[in-house]
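Thanks, everyone, for making time this morning.

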Amino acid sequence: MTASSEVRFGADGTAKVQSYVRLTGSTWIRCCTYDDAPPILTIHDGPAEITITNPGQGEVTEEDVRFGRLLAEAVTRYAAELEKHAAKDSATAAGDGEPAGRAA
């Protein structure tokens, strides 16, 4: 994974942090589950680590579930788009993606 971050400051002095994560073959993605605590989702590669969990002290709210479902839906869309682009790129590399035409 390669990761980069940048900090931008608005005219009013408000800071915004934007991070980019590029997943590679050495990236570890896992979800740790516990009987007595909320799950923890981690993405880890070298010095970069992202941890996703709920903000509560052990309790899980309906809002936590809603955010988890939103995350799952976004990841599902992301994977579907990757599959679509990979199929298109594969077809183009094989010569199937070139436009057919004929001379006038």
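Predicted model: local features only at pLDDT ≥ 70, side-chain atom pairs only at ≥ 80, totals over all residues.

Of the 104 residues in the protein chain, 8% count as buried, and the chain exposes about 8,800 Å², of which carbon and sulfur atoms supply 57%. As for contacts in the chain with a separation of 6 or more, 11% of them come from residues 24 or more positions apart.

Turning to the sheet, 3 strands form an open sheet in the order β3-β4-β5, with antiparallel pairing. The edge strands are β3, residues 28-32, and β5, residues 48-52, each of which pairs on one side only, and from one strand to the next the twist averages 15°. Between β3 and strand β4, which covers residues 40-45, the antiparallel pairing runs over 5 bridges, and as an example you can look at tryptophan 28, whose bridge partner in β4 is histidine 44.

Now to the charged side chains, where a search of the whole structure finds 3 salt bridges. In one of them, the side chains of glutamate 6 and arginine 8 meet at 2.6 Å, N to O, and glutamate 6 counts as partly exposed, at 30% relative accessibility. Glutamate 63 forms a salt bridge with arginine 66, with the closest N and O atoms 3.9 Å apart. Why are glutamate 63 and arginine 66 separated by about one helical turn? Both belong to helix α1, residues 62-93, and they are 3 residues apart there, so about one turn of the helix lies between them. Glutamate 63 is partly exposed at 46% relative accessibility, and arginine 66 is likewise partly exposed, at 43%. Glutamate 81 and lysine 84 are also 3 residues apart in helix α1, about one turn, and their side chains meet in a salt bridge at 3.2 Å, N to O.

Last, the surface patch, which is nonpolar and is formed by Val7, Phe9 and Val17, with about 330 Å² of accessible area together.

Technical notes:
Residues numbered from 1 in each chain as written. Heavy atoms only, no water. Patch = residues over 30% accessible without salt bridge, like charges linked within 9 Å, V, L, I, M, F, W, Y side chains within 5 Å. Areas by Shrake-Rupley, 256 points an atom, 1.4 Å probe, with all protein chains shown as cover. Salt bridge = Lys/Arg side-chain N within 4 Å of Asp/Glu carboxyl O. Pairing = 2+ DSSP bridges. Helix = DSSP H or I, 4+ residues; strand = E, 2+ residues; numbered from the N terminus. Axes fitted to C-alpha atoms, helices over the stretch in contact; angles between N-to-C directions. Buried < 20%, exposed > 50% of the residue type's maximum accessible area, 1.4 Å probe, protein only. Contact = heavy atoms within 4.5 Å.
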